[in-house]
Amino acid sequence: MRGAAAALALAWRAGPWLATAFALLTLAGAALPVVTAWLTKSAIDLIARGAATAPALTGLGTALAACGVLAAVVPQAARYAREETGRRVGLAAQDRLFQAAERFVGLARFEDPVFLDRLRMAQQHGATTPGQVVSAVLGIARTTVTGAGFLGSLLVVGPWMAPVVVCAAVPSLAAELWLARRRAAMLWRIGPAERREFFFRELLVNVQAAKEMRLFGTGAHLRELMNGRRRAANAERGRTDRRELRVQGAAGAFGALAAGGGLVWALHAAAGGGLTIGDVSLFAAAVAGVQGALTGLAVEVAAAHQQLLLFGHYLAVLGGEPDLPVPPLPRPAPPLRRGVELRDVWFRYSPDHPWTLRGLNLTIPYGEAVGLVGRNGAGKSTLVKLLCRMYDPERGEILWDGTDIRELDPAGLRARIGAVFQDYMQYDMTAAENIGLGDVGRIGDRARIEAAARGAGAHGFVAALPRGYDTLLSRLFFQGDDLGGDLGGDPDGGAGNGPGGAPGTGVLLSGGQWQRLALARAYLRGDRDLLILDEPGSGLDAEAEHEIHAGLREHRRGRTSVLVSHRLGTLRDAGLLVVLDGGRVAEQGAHAELLARGGLYAHLFGLQAQGYRTVEPDDGDLAPAFPPGAGDGARADLPGA
Ligand SMILES: Nc1ncnc2c1ncn2[C@@H]1O[C@H](COP(=O)(O)OP(=O)(O)OP(=O)(O)O)[C@@H](O)[C@H]1O
């Protein structure tokens, strides 16, 4: 009932007038068959009794014709009202669903397969169920009106037949409800297989996957994995369909036998003079009408029941518990004045995963450029995500100027942070939008976007694109064929970039160019209190890396920032270098201090520097160019020096 009320409320809010019109048209359509049957009976009886006068026949004929016209028009109008209601409800339901998904503060929900299955069901059924429930409720009302009308007629013509016909339909109703529950359970059961099938389906047409698929010849293998999921899901669906066939067939045959028996009685009664010919016509229409109505009722109730069971997933997502606790009245995140401190932070991605951070203690002082270093898997990106509160530590705390970030408004905290993630996004949108999404409040501010692009070394190649900043960075769509319009929009309002204003194709960027755009996106938020850059230069050529890190050094001066990089040369002048190992801070200090200490940093730095040596081993210099403790003497050989 809660689901039905929620679905109906959604439909009502989406368009009260439309919903009312839909209801009235449906009820009018329901009354028409009963009125038509009575008019037909009256006409037949008048003619059979020889009492038909011309005006009476004209009146009845005109009324029947009017019913015919209405019967032709009303269902069309009702269908339009239903479709329009469905469209509006679909939009409202989709918007509410994605708002709800956005309300989850962190990332954990999106890594939980049960939640993802539920989200898929919610997406599939959230948009359509409310419209279908409205249809079903009105369908129930329609069949009830039609059924009640015919049942009344049956009571007049053959009173004992009415309960028989009703009882004959009861098994059908019970069977439909049982089947609906089984079908909803089956859809939930096959959800994971269908989600995997969807994954393989997307993979098979994904341009990035296409390269490896062609080279490694994995297409057939992946296709088989996809088909296997479809076969398994089809087998379950087939089993359900066969069960429905058996159960519905038996219930239908039972009802038909009852109706057939009644018809035999009516024919005998008419032959014996107990019923008029008009009565027989009305009786046949009434039996068919009541049975049709009851079967329709069973189907509508069952469909609504099934939809509501599935709609439960939509409501579960909407009313889902927050993934990370937020106090009812969170404090606004204040401007950073002292720094961010991680105190004895323990974190693992779930209780099934090993600890990623194990009692990590670290202070990021205000105004300091911090460099974060460590082997693959040491936990650097995890630390970055915790700083943005994508997850909460299981033990310990993260303090923003002394306040636990769990007490702060998450949106307010994030508004104070600018970041480039290691797995940054490449949006299939225009270059301006790709940068502007860093700060949607300024997405139309072309001057700021250009300034951010210049800072990230992206302005040159963006300006040289066919439509400059308005060039679509995608080959998935045509430029200018978007009915909804671009977010950042062309200030001149131009449409396509093809010849004659026709839609043109977009452009693809290189890996390093994408990376510079991601950096520009972060620069658009460059005035934020904390700047986090996770491997911002990994795809850049040597020249670009040098140029960008010089810009970054300038940008980070006096700002609180964390830069993660494996290219240790780019971090050497960070005020504080922090080395992570085994989920803890293994060492920290300035470059020279760490080299002198001869620990992990010195080891990694030495290995990397060896690769940049200009002196060949044959020259007698077999030792690493930067042995532990070599200090600044070897600096000249390193890029970014
Ligand atoms: N979303 C996740 N779910 C489960 N485990 C994860 C997740 N993300 C990372 N991990 C695990 O956490 C550990 C630390 O990963 P993280 O990405 O923080 O390392 P990193 O230091 O940034 O490594 P790299 O230098 O390779 O980027 C790894 O063992 C990884 O498998």
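At what angle do helix 3 and helix 10 pack, and how far apart are their axes? This is a predicted model, so keep that in mind as you look. Find helix 3, residues 54-103, and then helix 10, residues 277-318. Two packed helices are described by the angle between their axes and by the distance between those axes. Here the angle is about 45°, and the axes lie 8 Å apart. Angles under 35 degrees count as roughly parallel, and 65 to 115 as roughly perpendicular. Helix 3 and helix 10 are therefore oblique to each other.

Now look at the residues that touch. Helix 3 contributes Arg-96, Leu-97, Ala-100 and Ala-101. Helix 10 contributes Tyr-314, Val-317 and Leu-318. Sorted by class, this contact has 6 nonpolar residues, no polar ones and 1 charged one.

Next, turn to the annotated spans. The unreviewed UniProt entry carries the annotation "transmembrane region" for residues 54-74, 133-154, 160-179 and 247-268. Take residues 54-74 in the model. This stretch is 100% helix and 0% strand. Its end C-alpha atoms are 29 Å apart. Residues 247-268 are also 100% helix and 0% strand. There the end C-alpha atoms lie 33 Å apart.

Finally, move to the ligand. Around the ligand are 13 residues. Those that come nearest are Tyr-349, Asn-376, Lys-380, Ser-381 and Thr-382. Which helix gives the largest share of this shell? The answer is helix 11, residues 380-387, with 3 residues. By class, the shell holds 2 nonpolar, 9 polar and 2 charged residues.

Technical notes
Residues numbered from 1 in each chain as written. Predicted model: local features only at pLDDT ≥ 70, side-chain atom pairs only at ≥ 80, totals over all residues. Near = placed C-beta within 6 Å. Helix = DSSP H or I, 4+ residues; strand = E, 2+ residues; numbered from the N terminus. Nonpolar A, V, L, I, M, F, W, Y, C, P; charged D, E, K, R; others polar. Axes fitted to C-alpha atoms, helices over the stretch in contact; angles between N-to-C directions. Parallel < 35°, antiparallel > 145°, perpendicular 65-115°, else oblique. Contact = placed C-beta atoms within 7 Å. UniProt positions renumbered as here; feature names shortened; annotations may be inferred.
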